[in-house]
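Me: I have a structure open and want to go through it piece by piece. Can you answer some quick questions as I go?

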Amino acid sequence: MPVSEPSPQVIIVGAGPAGCALAGLLAQRGIHCLVFDDDKRPDLLVGESLIPGVVPVFRQLGIEERVAQISTRKPGASFFVTDGGPRLHFSFKNVEGHLPTYAYNTPRPQLDNLLRARAEELGARFVHARAELEPGVRDGQPTLHLSPKSRAQAGLADDAGSLLVDCTGRARVFARLMNLPAERGERDDVAYFAHYENFDHDEVEPGQVIISVLRAGWSWRIPLPGRLSVGIVVSKEHAKTLGTTAEERLENAIRQEPLLAEKAARARRITPVMTYSNYQLLSERGHGPGWVLCGDAFGFVDPMLSPGLFMSLVGAQQLDSCLFADGADILKQPGMLAHELDKYSARITDWHRAWQELVRYFYDGRIFRIHLAGKHLAMKPSPFNLASRMERHSTRHIASMASGGWTRSRYSRALMRLLSRYLVWDVPPAENFAVRLNRPPEPLSEAA
Ligand SMILES: Cc1cc2nc3c(=O)[nH]c(=O)nc-3n(C[C@H](O)[C@H](O)[C@H](O)COP(=O)(O)OP(=O)(O)OC[C@H]3O[C@@H](n4cnc5c(N)ncnc54)[C@H](O)[C@@H]3O)c2cc1C
């Protein structure tokens with residue numbers, strides 16, 4: 001392409017959900033943006049289970065109907081504990097009034113394609129190339145620019161004055177080039193997953209996602225159109241005991257876990273097995289002169305509770321609204337731009353912290369304790385049905401936090417802390433329901 005294109009106001013690197021959603025939102029405002037898309041769309045990608053908080057973004061982009069056509073409607077999620085432990089069913093009906101009462105389970109590559117097609121329809125320009133960037137320094141702070149090769153591929157004489165957005169996911173291209181420090185999460189797990197046919201689903205509502213606390217680690221089962229996505233998350237140490245290849249590890253885990261083995265009796269794997277590790281990460285810095293991070297490139301919480309796509313899509317929405325609510329003139333006002341970018345980074349960091357806090361309740365078993373205590377309480381006679389009202393109130397808050405509604409609410413978070421500390425009498429300790437890193441030894445047989 002000849003070097004003739006005008007400089008775009010925003011240059012987005014990476015065309016996953018964060019990059020495409022941001023491009024679509026900016027294009028809706030008439031802001032010129034250009035997206036580098038390396039066209040890497042593997043047939044199988046994690047990020048299939050969505051939460052109600054993403055539906056408003058689909059609506060804002062005008063694509064909810066198209067998402068519904070490729071997806072399974074998700075009414076909620078159930079949480080099972082192995083070996084006869086408690087079963088907890090969350091319905092998104094609990095969030096009625098402030099969020100949609102459903103979400104979707106969606107095949108990821110198709111969702112990415114849909115988001116990209118929509119951004120193009122709205123006027124975003126895509127360059128089908130892997131972006132190359134060069135680090136530099138501006139005002140004593142790290143920054144970067146497109147390489148001459150990438151500028152030529154995009155037909156740009158210059159990228160000065162454009163805001164560069166890193167949406168490269170866990171490749172974290174900007175952070176790596178500028179050596180930005182990141183905070184690692186407390187878990188060091190590895191996940192294996194694949195799609196299956198004829199993998200029986202438990203007796204729950206159609207579309208319900210099932211998360212199981214296994215004898216070692218945990219698993220997800222996500223109903224997709226015509227197939228079930230099955231994943232296991234275990235410690236790296238335990239993974240080694242399951243076999244040498246990813247296929248062996250996933251299939252042995254399924255065979256060894258009572259909650260999965262029976263359901264898998266007729267199952268046939270129809271995709272290769274994918275592996276993901278080292279994913280808990282939060283960048284200590286979200287922006288600098290001329291650049292900003294969005295989606296997984298900023299940070300990723302954990303697969304538990306599926307906050308990933310939410311953080312990518314809502315992150316894009318936040319970036320769009322913090323910076324561009326009054327148009328693109330902000331790009332010519334460095335002081336104002338830095339101020340709004342500070343606001344955006346602080347908000348995203350706060351979102352991460354809130355999700356981390358919530359996810360911990362599911363890993364350490366406190367959520368099951370709260371649930372059991374709530375059930376006991378609701379059955380106790382009390383004046384004005386106060387006990388069962390209290391139980392419904394707590395369930396609504398927990399469901400909304402896990403749906404992306406009240407996740408950051410100070411009241412909801414304080415309520416969770418209060419419930420887990422003080423309102424859990426007559427229930428087993430949380431450790432009984434916690435996700436265990438390794439398989440505990442088999443109980444000794446009577447003969448032994
Ligand atoms: C085990 C596991 C399970 C998960 N399950 C769920 C779930 O059920 N639900 C959920 O919501 N989330 C889930 N997630 C998280 C979810 O997958 C991510 O949060 C989401 O994909 C992040 O989107 P993104 O757009 O930020 O990045 P990505 O989806 O990674 O997209 C980044 C894009 O940038 C491209 N790119 C990289 N470098 C360049 C370059 N130099 N030039 C051009 N393009 C480039 C890549 O090819 C890619 O297309 C899971 C994550 C893990 C690890």
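Me: How far apart are the centres of domain 1 and domain 2?
Reply: In this predicted model, the centres of domain 1 and domain 2, taken over C-alpha atoms, are separated by 36 Å.

Me: And how many residues does each domain put into the contact?
Reply: Domain 1 gives 7 residues and domain 2 gives 5 residues.

Me: Which elements supply the domain 1 side?
Reply: Two or more residues each come from α10 and α11 on the side of domain 1 that touches domain 2. The most come from α11, with 4 residues.

Me: What is that side like by class?
Reply: The side of domain 1 that touches domain 2 has 6 nonpolar, no polar and 1 charged residues.

Me: What are the bounds of the two domains?
Reply: Domain 1 is 10–44 + 54–70 + 106–184 + 280–356, and domain 2 is 364–433.

Me: Next, the core. How many residues are in the largest nonpolar one?
Reply: The largest nonpolar core has 132 residues, and Leu22 and Cys294 have the most contacts inside it. Helix α11, residues 334–363, gives the largest share of this core, 10 residues. At least three residues of this core come from each of domain 1 and domain 2.

Me: What is Leu22 in contact with, leaving aside its neighbours within four places in sequence?
Reply: Leu22 is in contact with Ile12, Val165, Cys167, Cys294, Ala316, Leu319 and Asp320.

Me: Now the ligand. Which residues come nearest?
Reply: There are 37 residues around the ligand, and those that come nearest are Gly14, Gly16, Gly169, Gly295 and Gly308. The elements that give two or more residues to this shell are α1 (17–28) and α10 (308–324).

Me: Which element gives the largest share of the shell?
Reply: That is α10, which gives 4 residues to the shell around the ligand.

Me: How does β2 pair with β1?
Reply: Strand β1, residues 10–13, pairs with β2 in the parallel sense over 4 bridges. The bridge partner of Ile11 in β2 is Leu34.

Me: And how many bridges are there between β2 and β7?
Reply: There are 3 bridges between β2 and β7, again in the parallel sense. The bridge partner of Phe36 in β7 is Val127.

Me: Which way do the β2 side chains point, and are they buried or exposed?
Reply: From strand β2 (residues 33–36), Cys33 and Val35 point one way and Leu34 and Phe36 the other way, and all are buried.

Me: What about the sheet of 3 strands?
Reply: That open sheet has the order β11-β18-β21, with antiparallel pairing. At its edges stand β11 (182–184) and β21 (299–300), each with a single partner strand, so one side of each has no neighbour in the sheet.

Me: How many bridges join β18 to β21?
Reply: Strand β18, residues 281–283, is joined to β21 by 2 bridges, and the two run antiparallel. In β21, Gly299 is the bridge partner of Leu282.

Me: Where is Asn179, and is Asn179 buried or exposed?
Reply: Asn179 is in the loop between α6 (173–178) and β11. With 8 other C-beta atoms within 10 Å, Asn179 is exposed. Pro181 lies in the loop between α6 and β11, and Pro181 is exposed, with 8 other C-beta atoms within 10 Å.

Me: And Leu305, what is the phi there?
Reply: Leu305 has a positive phi of about 75° and is not a glycine. Leu305 is in the loop between β21 and α10.

Me: Is Leu305 buried or exposed?
Reply: Leu305 is buried, because 23 other C-beta atoms lie within 10 Å and the cut-off for buried is 20 or more.

Definitions and conventions:
Residues are numbered from 1 along each chain as its sequence is written. This is a predicted model: local features need pLDDT of at least 70, side-chain atom pairs count only at pLDDT 80 or more; totals for chains, interfaces and linings use all residues. A residue is near a molecule or strand if its C-beta atom, placed from the backbone, lies within 6 Å of it. Two strands pair if DSSP finds at least two bridges between them. A nonpolar core is a set of buried Ala, Val, Leu, Ile, Met, Phe, Trp, Tyr and Cys residues joined through C-beta atoms within 7 Å. A residue is buried if 20 or more other C-beta atoms lie within 10 Å of its own, exposed if 12 or fewer, and partly exposed in between; C-beta atoms are placed from the backbone. Domain bounds come from an automatic or database domain assignment. Two residues are in contact if their C-beta atoms, placed from the backbone, lie within 7 Å. Ala, Val, Leu, Ile, Met, Phe, Trp, Tyr, Cys and Pro count as nonpolar, Asp, Glu, Lys and Arg as charged, and the others, Gly among them, as polar.
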